[in-house]
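Subject: Structure handover

Hello,

Please find the structure below, with notes on what was found in it. Keep it open while you read.

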Amino acid sequence: MCGIVGYLGSQGAYSILIQGLKRLEYRGYDSAGVALIDGTGSLNIHKAKGKVANLEQTAAAGNTDGLIGIAHTRWATHGEPNDINAHPHVSQSGNIALVHNGTIENYAVLKQLLCEQGYTFKSETDTEVLVQFIDYIHASSDCTLVDAVRETLLQVEGAYAIAVIEKNNPDRLIVARKSSPLVIGVGDGETFIASDATPIVGYADKVIYLKDNELAVIERDKAISIVSIDSNTPTKIDVQKLKLSLAQLEKGGYDTFMLKEIFEQPKTLRDCLRGRITDNGSRVVLSGVELNKETFLNAERITLVACGTSWHAALIGKRLIQDFCRIPVEVEYASEFRYSNPVLGPKDIVISISQSGETADTLAAIQIAREKGAFVYGVCNVVGASIPRNTDSGTYIHVGPEIGVASTKAFTGQVTVLTLLALAIGQLRGTADSDTVKSVCKSLMQLPEILEETLKCDPEVQKLSRIFTYAHNFLYLGRGYNYPTALEGALKLKEISYIHAEGYPAAEMKHGPIALIDHEMPSVIIAPSDSLYDKIISNVQQVKSRGGAVVAIVSRGNTAMNDIADFCIEIPEVPECLTPIVASIPLQLLAYYIAVGKGKNVDQPRNLAKSVTVE
């Protein structure tokens, strides 16, 4: 959500900044802008509503010279999307430019103070208040700009990642963060900053992940300095090797990132599983569990917190952990958990799940859980993100960068890791018998090949999707492990095709949603050959008797549904606990091809952001 890019070096900054913004487009945005200081000391600002391409057209008519600059893609929070509200914002003096991710909660109070001091405002944003307040402190206190930035941040309430440049100092870039990500790329005589590492790939292979409440000063031909915002004391600088490659950020011959990521899942699950099943497939080893055995042995309750697709994975994780570990499990939306005054103690484990590791609500939930004495375990994809740095232990899903806004491979990676986690805890506690563990592990190791086989349904699903581009509503139904799969399938369709869809436990359909069923309301029913198969056949018959069209996801070789459903998509048979992973593949493809058939931008759906880093 929103994106920041910055550069200080010997190259022309503009092209690097624009390339960086394009790599951040997946985060979701509605306007873009860039600020540059040229060789004459002029501060040049270019902003445009809409896509980065619009910004390029606007900037082409102006001055884009300069060896230092900052740029931004905005997702509107304060003020509508337009050129004026787009970042960067400039102080009334015209000396300071700033870009900002996050929200300043006490901006109204600060704005009133500034108005009383004679400041006027052009935009509706909290960000302009921030840059004006920095300017005010800088001028009224006769302090350095660095001190003014730090003093301002001590007085603001909310979340932020900021980058600041000053017209009369083209050799310095100031950045800071609190509850919003920022990474510094360290090159040879040049420095890059960005909201995540994707704009830095190909330019620098060393990065510094700025920590919460840290401020960094980047100066030409000088070492980077980082201080605590609270104490103004230097903090340890941890330079890490950047593990992303350009190939991971390209479409690789596919039309879209989403389609590429759907078809990557055999490979990504192979990476996810690597080294985690040992002893000839009879034992699961996760270092996060091995190093905290006593915590998991003594746990009396586990709470999973997540948002969106990760919440659906958490629902599956609940069933996995309860089945294999016999521990009471709760699943909470992180956005609700943070305000629920949860009852937690030292024998509670809170598992936070997030693809990006930067989800604001999930980070807040983690903080609350730790304050209440719970042990916090993270399940995350992005190495070095805030969640892994703020949890007691955890497991990466290792599925590589996910660029498409609608999550695909991260979902299957999360469910795979939660399966491994449930097995590892179950083995430790003696609640998962060895035959069950071996059976599930055998199928887990075969998952890459199973998903390759599943993806062969692509032409069938593509053809089927053409029938349903007319639909205005969809109903997704599942039972047991596949109720969350139905929720996830419905979410995918909503996200990228803008068709209203609801996921429901199949048995609950008759408690209300059945009133919606008619010939214009298609239903997608996840019906693998599991312990609830006979029950779900009854649910399908209830839909058909009311004139509804049915698309059924069924296990290969099971023909009982053929004479009932209108369309059957077969998937390979796997243990019941793994069916959500396999069944999600045709659901992803169905949503994808319906959206493409409707002419939608599947990689950048309207109003959505990849990482929700504001509340």
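This is a predicted model: local features need pLDDT of at least 70, side-chain atom pairs count only at pLDDT 80 or more; totals for chains, interfaces and linings use all residues.

Residues are numbered from 1 along each chain as its sequence is written, and side-chain values use heavy atoms, with hydrogens and water left out.

Aromatic rings

A search of the whole structure gives 13 aromatic pairs. Rings of Phe, Tyr and Trp (its six-membered ring) pair if their centres lie within 6.5 Å; planes under 30 degrees apart count as stacked, over 60 as edge-to-face and the rest as tilted. One of the pairs is edge-to-face: tyrosine 119 and tyrosine 136, at 6.2 Å centre to centre with 90 degrees between the planes. Tyrosine 119 lies in the loop between helix 3 (107-116) and helix 4 (126-141), and tyrosine 136 lies in helix 4, so the pair ties together parts that are 17 residues apart in sequence. Helices (H or I, at least four residues) and strands (E, at least two) are DSSP runs, numbered from the N terminus.

Tyrosine 119 has 11% relative accessibility and counts as buried, whereas tyrosine 136, at 21%, counts as partly exposed. Buried means under 20% relative accessible area, exposed over 50%, and partly exposed in between (1.4 Å probe, protein chains only).

Phenylalanine 474 and tyrosine 476 form a tilted pair, 6.0 Å centre to centre and 40 degrees between the planes. Both of these residues are buried.

Charges over rings

Lysine 111 lies over the face of phenylalanine 121, 5.1 Å from the ring centre.

Six strands form an open sheet in the order 5-6-7-8-12-13, with antiparallel pairing. Strand 5 (89-90) and strand 13 (225-228) stand at the edges with a single partner strand each, so one side of each has no neighbour in the sheet. Strand 12 (residues 214-219) pairs with strand 13 over four bridges; two strands pair if DSSP finds at least two bridges between them. Valine 217 stands opposite serine 225 in strand 13.

Two helices

The axes of helix 7 (residues 265-273) and helix 14 (residues 409-429) come within 10 Å and cross at roughly 30 degrees. Axes are lines fitted to C-alpha atoms, for helices over the stretch in contact, and angles run from 0 to 180 degrees between N-to-C directions.

Regards

Technical notes:
A charge sits over a ring if NZ of Lys or CZ of Arg is within 6 Å of the ring centre and within 35 degrees of the ring normal.
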